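Please have the sequence and the 3D view ready.

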Amino acid sequence: MFFVGRSWAADEEVVALLARMAENVSFALDNFDRAEEKARTEQQRERLARMFAALSATNEAIMRAKSRTELFELVCIAAASGGKFTSTSIGLANPDSDFLDVVAAAGPTAETTRNVRLSINEAHPEGQGVSGTAFRSRQACISNDYLADQQRSAFHSVVRSDGAKSGAAFPLLVQGRAVGVMIFLSAEAGTFTLEFVELLQRLADNVSYALENFDRADAKNKADERIEYLASHDSLTDLPNRELFNSLLRRAIETARRHQRRLAVLFIDLDRFKVINDSLGHDAGDMLLVQVARRLRGVLRSSDVVARLGGDEFVVILEECAETDDVENIAANLLSVLSQPMELGGHECHTTASIGIAMYPQNGGDALSLTKNADMAMYLAKEDGKNGFRFFSKEARAQSIEHLELETALRRALERDQLSLHYQPKVDVASGQITGVEALLRWAHPEFGMVPPLQFIPLAEETGLIVPVGRWVLKEACAQNMAWQRRGLRPVSVAVNLSPRQFIDEQLLQDIDEALAGSGMSPVLLQLEVTESMVMRNVSRAVRVLDAIRSRGIRLAIDDFGTGYSSMSLMKQFPIDTIKIDRSFVRDLPEDTEDRAITQAIIGMGKALGMTVIAEGVETAEQQAFLRSHGCDEMQGFLFSKPLPSRHMAELLRAAPLVVSPPLQGGEEDAPAESHLPSRLRSAAV
């Protein structure tokens, strides 16, 4: 403190006065400083108090929020209000971008903040602010003098325009991973003191905890939804399962009843799924089912329901189908689409389907009746030759009941000794000598009479009964051949047909070994007949099985040759001894030019490969003469003998070489007793 004036005498009173004046000024200045410090302290206390209240409000928001969006909005509002920030905002990481998505903002300059580009990439200028730094470091980033902080220069124009002088960003962490940031901007420099930062960190931690809770809730909801979905949908095809289908069908019936409309239920069953599944494996079978489901969905209307009941069974609900013609067109379209070839694990496969149709209300007024009746009609479509559709009717019900009765009777036929074998001789073309016999299965039912093989063998194949029945045939044929030998008859080979289901059965080789061991018959006297289509389904597996059979000394024959897909190059892979020319090529010999050409080609191919060639279904002397003149080795057919019971076959084996005999006439022993068969079986009797 300086005084300027006239020179005074230095006396003690003046000096004392001046000293007192200086002391008063200093005291006043101290008071001003204390007042300012007190004001700042009060302001900090007030801000802290408001932030404590904001923290409490934030916790309440976390408890109340039903969604992340609501949480973010409530938290930003509470924090901006409590801390009197120019803006409080939350930015979340975007997996498809380096920039944060500002999902919530509050405060006087919230709109400006919403439009600011914030990046998590340090290479971007927008990534050098407090938010990008906090996100990358996963720690709070503070700038108490934003305009003097050159590291944040990319944001100086923004904070200058909205009046912000300090800022802070806190990472939002979920399981230790940064998912976003919470940003606070203040109009005062030095706002973010240590105590203030601690409170804001607690607030950010609470938001992070709330996000983790939402994630856990989302995961639980997804798990619950997945469980609910799996409970109502097929896990392989994603189609509705049986339970959901029944629910949808009941709902569709209620709607149809209320509006007096009609609807149709289509029961779809694949015709060759079992063969493909067993031949190519379950993975290929699953691929087939997935493709079938995709094709069904692709061809039907969006309003139609497609479901999988299990296995290879699918069902369709067609609502608002007024005319049966419409249903027929849809069914025909489905059959066409499903019959197209499919690529399954490197194999081109062909499959077809059989469809049964039941209409509401004429074929049933409830879900159970409609589904059951459509199922009945489907089985009749299979009996009609497969790859077709059939509507349910009263006649269909009667046929279905007969089908069920026949299946039940077949299951008991083996244990009740109703099955037997007849034997048809194979004759040497040159000498007329019997070279072997073919064992043919017969079923004599006490009520139905002689059930035609064409009727019960496909049924046995369909139900799987063919495996135990085929096992019995093997044992019975071998045992009978040895019984003939024990009676002094010369040894002949006995041929047994293998069904497709038997051929893929894992116990086939064991069954063969047990039949030979149990009878004591030499393996060279056993011949097993397989069809072209059986071995062509899975060539590599067929070669392994046939090689295993051939290694035992058993002979192998291709039955019905010419009706499958084989070629000479493929035939060379199989250890085949004999080719049997299918009867369809023999029937019109020698008149039909195509049959002549095919028969000659088969004989020539067989000779070239060193095989025995047998012609099936020889019934006339003209057929016999043609086959003899072209080098066929053996013949089999009614010209020589019909299939005979074992005792009659024994008499034939004792006799001299066979001469031409008349064709089988009606009423002979092997003809079916049609009068005892149900109407369905009488029409199919052969």
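Ser131 sits in helix α4, which covers residues 130-137. Helices here are DSSP runs of H or I with at least four residues, strands are runs of E with at least two, and both are numbered from the N terminus. This is a predicted model, where local features need pLDDT of at least 70, side-chain atom pairs count only at pLDDT 80 or more, and totals for chains, interfaces and linings use all residues. Residues are numbered from 1 along each chain as its sequence is written, and side-chain values use heavy atoms, with hydrogens and water left out.

Is Ser131 buried or exposed? Ser131 counts as buried because its relative accessibility is 2%. Buried means under 20% relative accessible area, exposed means over 50%, and partly exposed lies in between, using a 1.4 Å probe and protein chains only. Leaving aside neighbours within four places in sequence, Ser131 is in contact with Leu100, Leu118, Ala169, Val181 and Ile183. Contact means heavy atoms within 4.5 Å.

Next, look at Leu318 in strand β8, residues 313-319. With 0% relative accessibility, Leu318 counts as buried. Not counting residues up to four places away in sequence, Leu318 touches Leu263, Ala264, Leu266, Leu300, Arg301, Asp304, Val327 and Ile330.

Here are the two residues side by side.

| Residue | Element | Relative accessibility |
|---|---|---|
| Ser131 | helix α4 (residues 130-137) | 2% |
| Leu318 | strand β8 (residues 313-319) | 0% |

Now for a pair of helices. Two packed helices are described by the angle between their axes and the distance between the axes. The axes of α7 (residues 242-259) and α11 (residues 367-383) come within 9 Å and cross at roughly 110°. That makes α7 roughly perpendicular to α11, a label for angles of 65 to 115 degrees. On the α7 side, the contact is made by Phe245, Asn246, Leu249, Arg250 and Ile253, and on the α11 side by Ala367, Leu370 and Thr371. These residues divide into five nonpolar, two polar and one charged.

Finally, step back to the whole chain. Its secondary structure comes to 24 helices and 22 strands. Of its 686 residues, 47% count as buried. Among contacts between residues at least 6 apart in sequence, 64% join residues at least 24 apart.

Note on methods: Axes are lines fitted to C-alpha atoms, for helices over the stretch in contact, and angles run from 0 to 180 degrees between N-to-C directions. Angles under 35 degrees count as roughly parallel, over 145 as roughly antiparallel, 65 to 115 as roughly perpendicular and the rest as oblique. Ala, Val, Leu, Ile, Met, Phe, Trp, Tyr, Cys and Pro count as nonpolar, Asp, Glu, Lys and Arg as charged, and the others, Gly among them, as polar.
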